[in-house]
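Me: I have a structure here and would like to go through how its features are labelled. Could you set each value against the cut-off that decides the label?

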Amino acid sequence: MNLVIFGPPGAGKGTQSNFIVKNYNLYQLSTGELLRNEIKNKTKLGIEIFSIMNSGNLVSDEIVSDLIEKFISNDTYKDRLIFDGYPRNKSQAENLNYLLKKYNQKIDLVLKLSVSLDSIKKRISGRSVCSICGKIYNEYFNPAPINAECCASKFLQKRSDDTLEIGVKRYQTYEKNIAPVIDFYKQSNLLKVVNGETSISDINSEIGALIEVVKGWL
Ligand SMILES: [Zn+2]
C-alpha cells in the first residue's frame with residue numbers, strides 16, 4: 001500500500017511516520033530529505049537545486065516530480081511508499097496520481113493528523129526544560145514533579161514568546177495551504193482524519209487499525 005500523511009508542524013507526524021515504517025515495512029519518502037540528499041551528494045541536480053534554494057526560490061514541481069518518480073519506478077519501493085511533504089498543492093496531488101498510475105500503483109490511504117491551534121499553543125508555551133538535567137516537561141501535559149530537587153521550578157527554563165508566535169504562524173500557514181489538497185483526497189474517499197490530541201500509543205493504534213482495514217481490501 002502507498003499512503004500520504006499530513007499534519008501541521010508540532011502534530012507528531014514524524015513519530016507516527018516512524019511507527020508506520022517500522023510496523024508495516026513501508027518506506028518514508030520525505031521530499032525535504034530528497035532535496036537535501038541531492039545537495040549533499042553533489043549530484044548534477046543537487047547543484048541546480050542548491051542554486052535555486054540559495055537564491056530564495058522554490059524548487060519547481062517538475063524537479064520534485066522527477067525525484068519522486070525515481071522511487072515510484074523502483075521495484076524495491078513498489079506499493080510501500082509513505083509520502084511526507086508531498087503533495088503540497090492540488091496539481092501535485094494530480095501529478096502523484098498520474099505517476100503512480102504509470103507504474104500500476106495508487107494511493108490507498110491518506111492520513112491527516114488533526115490537532116487544534118489551542119493544543120499547538122499549549123504544546124509550545126507549556127514546554128520547559130530543566131536546566132540541570134535537560135528533562136523536558138510541559139505544564140499542561142507532563143508537569144514537573146512537585147517537591148523535586150533537580151527539576152524544581154527555579155531550574156525550569158521556558159522558550160521565548162517569539163517561539164510561540166512562529167509556531168502559531170507555521171500552523172496557520174500549513175493548514176491554509178494544505179486545505180485544497182485535503183479536499184482533493186476527501187473527494188476520492190481516501191482521507192482519514194486521525195485525532196492527534198490523544199496519547200502517542202492511542203494514535204498508533206488508530207492508525208494501525210486504519211491500515212489494517214485498507215490492507216484487507218487490497
Ligand atoms: Zn532536572
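Me: At what angle do helix α5 and helix α7 pack, and how far apart are their axes?

Reply: In this predicted model, helix α5 (residues 90-102) and helix α7 (residues 161-187) pack at an angle of about 40°, and their axes are 8 Å apart.

Me: Which residues make the contact of α5 with α7, and what are they by class?

Reply: On the α5 side they are Lys90, Ala93, Glu94, Leu96 and Asn97, which meet Val181, Phe184 and Tyr185 of α7. By class, this contact has five nonpolar residues, one polar residue and two charged residues.

Me: What makes α4 and α5 roughly parallel?

Reply: The axes of α4 and α5 cross at roughly 30° and come within 11 Å. Because angles under 35 degrees count as roughly parallel, the crossing angle makes α4 roughly parallel to α5. The crossing of these two helices is right-handed.

Me: Which residues of α4 and α5 make their contact?

Reply: From α4 come Asp61, Ser65, Ile68, Glu69 and Ile72, and from α5 come Ser91, Gln92, Asn95, Leu96, Leu99, Leu100 and Lys102. By class, the contact of α4 with α5 has five nonpolar, four polar and three charged residues.

Me: Why is α2 described as roughly perpendicular to α4?

Reply: The angle at which α2 and α4 pack is about 95°, with their axes 11 Å apart. The range for roughly perpendicular runs from 65 to 115 degrees, and the angle of about 95° therefore makes α2 roughly perpendicular to α4. In this contact Thr31, Leu34, Leu35 and Glu38 of α2 meet Val64, Leu67, Ile68, Lys70 and Phe71 of α4, which by class gives six nonpolar, one polar and two charged residues.

Me: Which residues have the most contacts inside the largest nonpolar core, and which elements give two or more residues to this core?

Reply: The largest nonpolar core has 32 residues, and those with the most contacts inside it are Phe6, Ile68, Phe83, Leu96 and Tyr185. The elements that give two or more residues to this core are β1 (3-6), α2 (31-40), α3 (44-54), α4 (61-72), β3 (81-84), α5 and α7. Leaving aside residues up to four places away in sequence, Ile68 touches Leu29, Thr31, Leu34, Phe83, Tyr86, Leu96 and Leu99.

Me: Why does glutamate 197 count as partly exposed, whereas asparagine 104 counts as exposed?

Reply: Buried means under 20% relative accessible area and exposed means over 50%, with partly exposed in between. Glutamate 197, in the loop between β8 (191-195) and α8 (200-217), has 39% relative accessibility and therefore counts as partly exposed. Asparagine 104, in the loop between α5 and β4 (109-114), has 65% relative accessibility and therefore counts as exposed.

Me: What does glutamate 197 touch?

Reply: Not counting residues up to four places away in sequence, glutamate 197 touches Ser114, Val115, Ser116, Ser119 and Arg123. Glutamate 197 and serine 116 are 81 residues apart along the chain, and their C-alpha atoms are separated by 8.1 Å.

Me: What is the phi of asparagine 104, and what is that of asparagine 189?

Reply: Most residues other than glycine have a negative phi. Phi of asparagine 104 is near 55°, a positive value in a residue other than glycine, and phi of asparagine 189, in the loop between α7 and β8, is likewise near 55° and positive. At 70% relative accessibility, asparagine 189 counts as exposed.

Me: Which peptide bond is cis, and what is its omega?

Reply: The peptide bond from tyrosine 86 to proline 87 is cis, with omega near -5°. Proline 87 lies in the loop between β3 and α5. For background, most peptide bonds are trans.

Definitions and conventions. Residues numbered from 1 in each chain as written. Predicted model: local features only at pLDDT ≥ 70, side-chain atom pairs only at ≥ 80, totals over all residues. Heavy atoms only, no water. Axes fitted to C-alpha atoms, helices over the stretch in contact; angles between N-to-C directions. Helix = DSSP H or I, 4+ residues; strand = E, 2+ residues; numbered from the N terminus. Contact = heavy atoms within 4.5 Å. Nonpolar A, V, L, I, M, F, W, Y, C, P; charged D, E, K, R; others polar. Core = buried A, V, L, I, M, F, W, Y, C linked by side-chain atoms within 4.5 Å. Buried < 20%, exposed > 50% of the residue type's maximum accessible area, 1.4 Å probe, protein only. Parallel < 35°, antiparallel > 145°, perpendicular 65-115°, else oblique. Left-handed = near helix turned anticlockwise from the far one by under 90°.
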